[in-house]
Amino acid sequence: MAESEGVAALKSLQGKVLQIPDLRPVYAKWASGLNPHCDSLRAFVEERIDIYVKGEKARLKTKAIDLGWFTSLCYPSAEMEQLKTMALMSMVFFIFDDTIDKEIDHETLDFASDFDAATKLRQDSITYMRYQFSRDRTELGSSGQVPCVPQEFASFEEFAPRVANAAPGQVDLDKLGDDFEEFIVSNALEQTYRLSGNLPSIEEYWTYRHGVGAVFPYCTMHQYVNNICLPDDLAWCEEVKVMRVEASVQPLICNDLYSLKKEMKEHTPTNLVPIMVAKSGMPLDSVVHELVKQMYSSAKRFDAAAASLRAEGRKYNSEVQEHIDMFIKAFETFQTGCFKFFMDSKRFGVKEYERADGSYLIAL
């Protein structure tokens, strides 16, 4: 049997050294920190994992992600209740993604190897999500019954009431539902490539990557995180649309750089690095150089949009201007938090490859 395009792409990188320059300057101007409630949030997350994740192996894997720390990095100024809500949302995304986006064992049918089973999981999750977000709870399942929460989506059961009962104007449930649905639907396209062994083009990759990266739901929650409510013409203006995209571009590229070794180990080639090597013909070092250049460009676009939003805010009173600053800061700390998480998390396992100057030499 001829090896797939994806396998060939991964093999072409084996034995090479991934050189990632010091990326701290990309994030140097943005707010960062660790929430003082981190330890309490870690305990909360561990308790919820024991409730919502079945099977000891799966529980240990989920606990190893350290979602309490991740959430505390992303939102260092949030209050405990907001942190709990964001941690529950993170559980939804990480658990669901890890259920399907993992090494495929063709000898054992599971959601990763069985597209039909994964499709039903996706459909059931969307139905349950839309029911929980519907204001009058009329969106029933196809059977006409109240939908049940899929086990792989279980923490949504506790997350949904928290946002549904948020202060008026803080959470747009229709928009948040669209963000969740994009995450779930995009997962199907990514799985199609993974099961076929084919690689998407660079353009095709970006058509689903923003969805599976699940950054947009976090952005939609950034008023809630700060317990503020901006006027709609500010909260959803063109500048914020740019900020949402760039706040997604940054962690997605950063993730694909720092997670490459892990994904090669798990034989999951739907990563931007092997895709660019295969599709562009560029050597690994040139691909890394291009991606780092894109990160700097993205940061400039984000800063320009944030500056324009602040300028627009001067038409409003001082309270709105203060809330705009808090809103922008949430976008900044989300990006710096993801960066810190990618570098130091055991999930990626690259900390040992860090050099004194902040660069990384990672043996593939």
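Modeller: A residue counts as buried under 20% relative accessible area, exposed over 50%, and partly exposed in between (1.4 Å probe, protein chains only). This is a predicted model, in which local features need pLDDT of at least 70 and side-chain atom pairs count only at pLDDT 80 or more, while totals for chains, interfaces and linings use all residues. Residues are numbered from 1 along each chain as its sequence is written, and side-chain values use heavy atoms, with hydrogens and water left out.

Biologist: Why is Glu-181 called partly exposed?

Modeller: Its relative accessible area is 27%. Partly exposed is the class between buried, under 20%, and exposed, over 50%, so Glu-181 belongs there.

Biologist: What makes Glu-181 and Arg-130 a salt bridge?

Modeller: A salt bridge needs a side-chain nitrogen of Lys or Arg within 4 Å of a carboxyl oxygen of Asp or Glu. For Glu-181 and Arg-130 the N to O distance is 2.9 Å, so the pair meets the definition. It links distant parts of the chain, with Glu-181 in helix H9 (residues 173-196) and Arg-130 in helix H7, 51 residues apart. Helices here are DSSP runs (H or I, at least four residues), numbered from the N terminus.

Biologist: How do you know that Lys-63 forms a salt bridge with Glu-46?

Modeller: The closest N and O atoms are 4.0 Å apart, and the definition asks for within 4 Å. Lys-63 lies in helix H4 and Glu-46 in helix H3, 17 residues apart. Both are partly exposed, Lys-63 at 25% and Glu-46 at 39%.

Biologist: Where do Lys-120 and Asp-124 lie?

Modeller: Both are in helix H7 (residues 115-133), four residues apart, about one turn of the helix. Asp-124, at 30%, is partly exposed.

Biologist: How do you know that the span of H3 agrees with its 15 residues?

Modeller: The expected span is 1.5 Å times one less than the number of residues. For H3 (residues 38-52) that gives 21 Å, and its end C-alpha atoms are 21 Å apart, so the two agree.

Biologist: Which residues of H3 are buried?

Modeller: Cys-38, Leu-41, Phe-44, Val-45, Arg-48, Ile-49 and Tyr-52. They cover an arc of only 140° around the axis, which puts them on the same side of H3; the arc is taken from the directions from the helix axis to the C-beta atoms.

Biologist: What do the buried residues of H3 pack against?

Modeller: Helices H4 (56-65), H5 (67-74), H6 (80-100) and H8 (156-164), where contact means heavy atoms within 4.5 Å.

Methods: Helices (H or I, at least four residues) and strands (E, at least two) are DSSP runs, numbered from the N terminus.
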